[in-house]
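Please look over the sequence and the model shown below before reading the notes that accompany them. The notes are arranged by topic and can be read alongside the structure.

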Amino acid sequence: MKDTTYWLQKAKDLRLEGRAFIDGAYAHADDGATFGSYSPIDGEPLAQVALCASADVDKAVAAARRSFEAGVWSGLAARDRKAVLLKWASLLETHSDELALLESLDSGKPIADTTGGDLPGTIYCLRWFAELIDKVHGEVPATEPGFFGTVTCQPLGVVAAVVPWNYPLLMAAWKFAPALAAGNSVVLKPSEKTPLSALRIAGLALEAGVPAGVFNVLGGDGATGRALSLHGDVDCIAFTGSGAVGRDIARNAATSNLKRVWLELGGKSANIVMADCADIGQAARSAAAAIFANMGQVCSAGSRLLVQRSIADRLIPLLLDATDAYQPGHPLDPDSVTGAIIDRAQFERVCQYIALGRQEAQLLKGGNPLSVVGEGAYLEPTIFLAEDASARIATEEIFGPVLVVMLFDTLEESIAIANSTEYGLAAAIWSSDLKTIHTATRQLKAGTVWVNCYDELVDMNFPFGGFKESGNGRDNSAHALGKYTELKSTITRCG
Ligand code: NAP
Ligand code: MG
């Protein structure tokens, strides 16, 4: 049985790889520098990881460029790239317990999530783009007689992917799967907080047949990501993370070589429950899951719950009850639904917002740190009731287990509140009235709108990304391929 003892024992037996993966081989940083990777579970050190600086970034980009120009990957038939990516996906599956454990150890996520969500999601993403790529066709537009024209897609070249710590492998796969399927060479920079799973899968890529130089992974910190954003030989940088860093990347792209920039940034998503919602119990359970899953460290978390005033007395007690399911437990206990906050710095940041919330709003539940394992940082799921929709806790992304509930009277008011932040990643509307649903889905400024559910079908068939300052471009779906390809018009005189 895969119980806590099983995972703890397996953790002891794990061999952790901290070296960078450049040009088909694991390597130390050029200057030998390393940084410590710690487990949020108990605050204990896990591994020393290569701290890649400019020299390593140069090497990785040069290897990616060489492999791209040599055509060892970009020049393959799409069906041959597909075969290699499918083999890589199968290797990830064979190693999925090890990788899920690595992900839980490095990020503090519950093992039930990494085995049931992160790993299957990563494998599915890789397979989805592998399966797609040999079914992509160009266009033959109408021309005047005597001409023949085609519109075709070509890979960009060297794609840099810079990703965050909340879904380390999955967010990486959302970038590298379409980029590689399209024929690009990739340099991936995972967060310094969670580098281990990305480093591990690089070796599996080579084993699957991804040629040397095509998939490189650099351990490092913000400076490593920054060097990629400034690099003159990177054609595109695909980023998931905070707005502040997204802005820096956009500036650096502009001042270097105008590389293409794709940004998936934060959110402060509104979950609106109308009085005519058919199942208030379901709405309450879903609202709790929408914010407390993954300890609230989800860009599309339903961090603002807007409740029509006339049902507040019924919905709020149900919400408080539903929240009890999200008390953190030992992340390696398969029964734990939530785990640790990523690190002390993030924990302190969330605690500051909770302190602010005590001034700006009414605390309904939680608000306290918990001692679960060693020096790990754990927090009670926390709920505030705010009167002022422009309060800081109601408008700023907290990225932790903190829900802000607000009451409204009319649909128009709820939509105005929902659209009042700088973000536009996701939103939801609960109602049994078709007109209300249509009005809301049209007017909510968000890349994803859920109706009578939340967080459902975040899968490969639906584009994912934001309106407004939540970013540009979309991950997932066939639309994502457009981020990593150039369109070419070819016009031939035939007459
Ligand atoms: P972050 O601080 O912006 O970091 C994201 C990545 O960028 C990390 O790999 C980071 O490296 C790197 N980085 C830091 N400074 C950089 C710079 N100046 N230039 C280039 N790269 C740099 O974000 P985070 O704290 O990891 O993640 C939380 C944020 O991500 C939240 O705002 C959340 O909403 C957002 N997010 C968005 C989505 C989405 O799809 N829209 C999904 C998940 C998360 P180090 O970590 O090593 O410093
Ligand atoms: Mg870590």
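The report below goes from the annotated record to helices, aromatic rings and individual residues.

## Basis of the report

This is a predicted model, in which local features need pLDDT of at least 70 and side-chain atom pairs count only at pLDDT 80 or more, while totals for chains, interfaces and linings use all residues. Residues are numbered from 1 along each chain as its sequence is written, chains are lettered from A and ligands numbered from 1 in the order in which they are written, and side-chain values use heavy atoms, with hydrogens and water left out.

## Annotated domain and active site

An unreviewed UniProt entry lists residues 31–489 as "domain: Aldehyde dehydrogenase"; UniProt positions are given in the numbering used here, feature names are shortened, and annotations may be inferred rather than shown by experiment. Within the model, the end C-alpha atoms of residues 31–489 are 45 Å apart, and the span is 40% helix and 19% strand. Helices (H or I, at least four residues) and strands (E, at least two) are DSSP runs, numbered from the N terminus.

The unreviewed UniProt entry also places the feature "active site" at Glu264. In the model, glutamate 264 is found in strand S10, residues 260–264, and glutamate 264 counts as buried at 4% relative accessibility, where buried means under 20% relative accessible area, exposed over 50% and partly exposed in between, with a 1.4 Å probe and protein chains only.

Helix H12, residues 344–360, has 17 residues and reaches 24 Å from its first C-alpha to its last, close to the 24 Å expected at 1.5 Å a residue; the expected span is 1.5 Å times one less than the number of residues. Buried residues of H12 are Gln346, Phe347, Val350, Tyr353, Ile354, Leu356 and Gly357, and what covers them includes strands S14, S15, S16 and S17 together with helix H13. At the start of H12, a side-chain oxygen of aspartate 343 comes to within 3.3 Å of the backbone nitrogen of alanine 345. Arginine 344 lies over the face of phenylalanine 347, at 4.9 Å from the ring centre, a description that requires NZ of Lys or CZ of Arg within 6 Å of the ring centre and within 35 degrees of the ring normal.

In helix H8, residues 222–230, the buried residues are Thr224, Gly225, Ala227, Leu228 and Ser229, and these pack against helices H2 and H9 and strands S6, S7 and S9. At the start of H8, a side-chain oxygen of aspartate 221 reaches to within 3.0 Å of the backbone nitrogen of alanine 223.

## Aromatic pairs

The structure holds 10 aromatic pairs, where rings of Phe, Tyr and Trp (its six-membered ring) pair if their centres lie within 6.5 Å, and planes under 30 degrees apart count as stacked, over 60 as edge-to-face and the rest as tilted. One of them joins phenylalanine 21 and tyrosine 26 edge-to-face, at 4.9 Å centre to centre with 70 degrees between the planes. Phenylalanine 21 is buried, with a relative accessible area of 3%, whereas tyrosine 26 is partly exposed at 23%.

The rings of tryptophan 165 and phenylalanine 399 have centres 5.4 Å apart and planes at 75 degrees, so this pair is edge-to-face. The pair links distant parts of the chain, 234 residues apart, with tryptophan 165 in the loop between strand S6 and helix H6 and phenylalanine 399 in the loop between H13 and S17. Tryptophan 165 is buried, with a relative accessible area of 11%, and phenylalanine 399 counts as buried at 16%. Elsewhere, ring pairs link Trp88, Phe176 and Phe215 into a cluster.

Valine 214 is found in the loop between helix H7 and strand S8 and counts as buried at 0% relative accessibility. Leaving aside neighbours within four places in sequence, valine 214 is in contact (heavy atoms within 4.5 Å) with residues including Ser67, Trp73, Leu180 and Val186. The C-alpha atoms of valine 214 and valine 61, which are 153 residues apart along the chain, are separated by 9.8 Å.

Most residues other than glycine have a negative phi. Asparagine 294 has a positive phi, near 55 degrees; asparagine 294 lies in the loop between helix H10 and strand S12 and is buried, with a relative accessible area of 2%. Phenylalanine 399 has a positive phi too, near 60 degrees.

Note on methods:
Polar contact = N/O pair within 3.5 Å; in protein donor to acceptor, adjacent residues only side chain to side chain.
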